[in-house]
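I opened my notebook to record what I looked up in this structure.

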Amino acid sequence: MSLELRTDRLVLRPPVRADFDAYAAMWAEEFVARHVTGTPQSRADSLMRFQRVLGGWAFSGFGFFSIFNAAGQYLGQTGLFEAMRELGADFDTAPEAGWSLRKAATGKGYALEATLAVHGWFDAQPFAQRTVCMISPDNAASISLAQKCGYAAFGQAHHAGGDVVLMQRACT
């Protein structure tokens, strides 16, 4: 797939096999895993997750983008996917947004820059629609990022052993 998004500081593209080592290293970081999986992921678990990311593009026509800085260093991922988490029609029928960046890439505005670029791309597609995300109430940085991207809370749920805030965003 030749899709590539560029911002002032970043290059985003659908992931390719060559991204896997950096992806697995990111998911092995406790900082990255704590709000998503709860524990750092093994390479085997990361491989299954990565294969789902790759398949999402073929299944849905959209998915996660790998994020790189201008020097070509892998920073993380952001994008939209179909999760069908059994949280009800208000959540499960909309594409879900997500983002994860390596600890070394946080605090620099990369997540917001990349996520806004991906949402801008998504909103311009013929399949664009309302999107959702779910975030642990303890994850203030992700809640703030979601709000800056236009998400607003519309409910709460219990998922995978923890409470989450359900948020939604209208297609612009």
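**Valine 53.** I looked up valine 53 and found that it is buried, because its relative accessible area is 9%. Buried means under 20% relative accessible area, exposed means over 50%, and partly exposed lies in between (1.4 Å probe, protein chains only). Valine 53 sits in helix H3. I listed its contacts, leaving out residues up to four places away in sequence: Pro15, Tyr23, Phe64 and Gln77. Contact means heavy atoms within 4.5 Å. I also checked valine 53 against asparagine 139: they are 86 residues apart in sequence and 23 Å apart in space, C-alpha to C-alpha.

**Ground rules.** This is a predicted model, where local features need pLDDT of at least 70, side-chain atom pairs count only at pLDDT 80 or more, and totals for chains, interfaces and linings use all residues. Residues are numbered from 1 along each chain as its sequence is written, and side-chain values use heavy atoms, with hydrogens and water left out. Helices (H or I, at least four residues) and strands (E, at least two) are DSSP runs, numbered from the N terminus.

**Helix H3.** I checked the length of H3, residues 43-60. At 1.5 Å a residue its 18 residues should span 26 Å, and the end C-alpha atoms are 25 Å apart, which agrees. The expected span is 1.5 Å times one less than the number of residues. The buried residues of H3 are Ser46, Arg49, Phe50, Val53, Gly56, Trp57 and Ser60. H1, S3, S4 and H5 are among the elements that cover them. Just after H3, glycine 61 takes a positive phi of about 85°.

**Cores.** I next looked for nonpolar cores. Such a core is a set of buried Ala, Val, Leu, Ile, Met, Phe, Trp, Tyr and Cys residues joined through side-chain atoms within 4.5 Å. The largest has 28 residues, and Leu12, Cys133 and Tyr151 touch the most other members. H5 gives the largest share of this core, 6 residues. Another core, of 11 residues, lies apart from it and includes Ala24, Val53, Phe64 and Phe81.

**Aromatic pairs.** I searched the whole structure and got 12 aromatic pairs. Rings of Phe, Tyr and Trp (its six-membered ring) pair if their centres lie within 6.5 Å; planes under 30 degrees apart count as stacked, over 60 as edge-to-face and the rest as tilted. The rings of phenylalanine 64 and phenylalanine 81 are stacked, because their centres are 5.1 Å apart and their planes are at 25°. This pair links distant parts of the chain, with phenylalanine 64 in strand S3 and phenylalanine 81 in strand S4, 17 residues apart. The rings of phenylalanine 68 and tyrosine 74 have centres 5.7 Å apart and planes at 75°, so that pair is edge-to-face.

**Aspartate 19.** Is aspartate 19 buried or exposed? Aspartate 19 is buried, because its relative accessibility is 4%. I placed aspartate 19 in the loop between strand S2 (10-13) and helix H1 (20-27). Its side chain makes polar contacts with the side chains of arginine 13 (2.8 Å) and serine 66 (2.9 Å). A polar contact is a pair of N or O atoms within 3.5 Å; within protein, one must be able to donate a hydrogen and the other to accept it, and residues adjacent in sequence count only if both atoms are side-chain atoms.

**Glutamate 96.** I found glutamate 96 in strand S5. Glutamate 96 is buried, with a relative accessible area of 4%. A polar contact of 2.7 Å joins its side chain to that of arginine 85.
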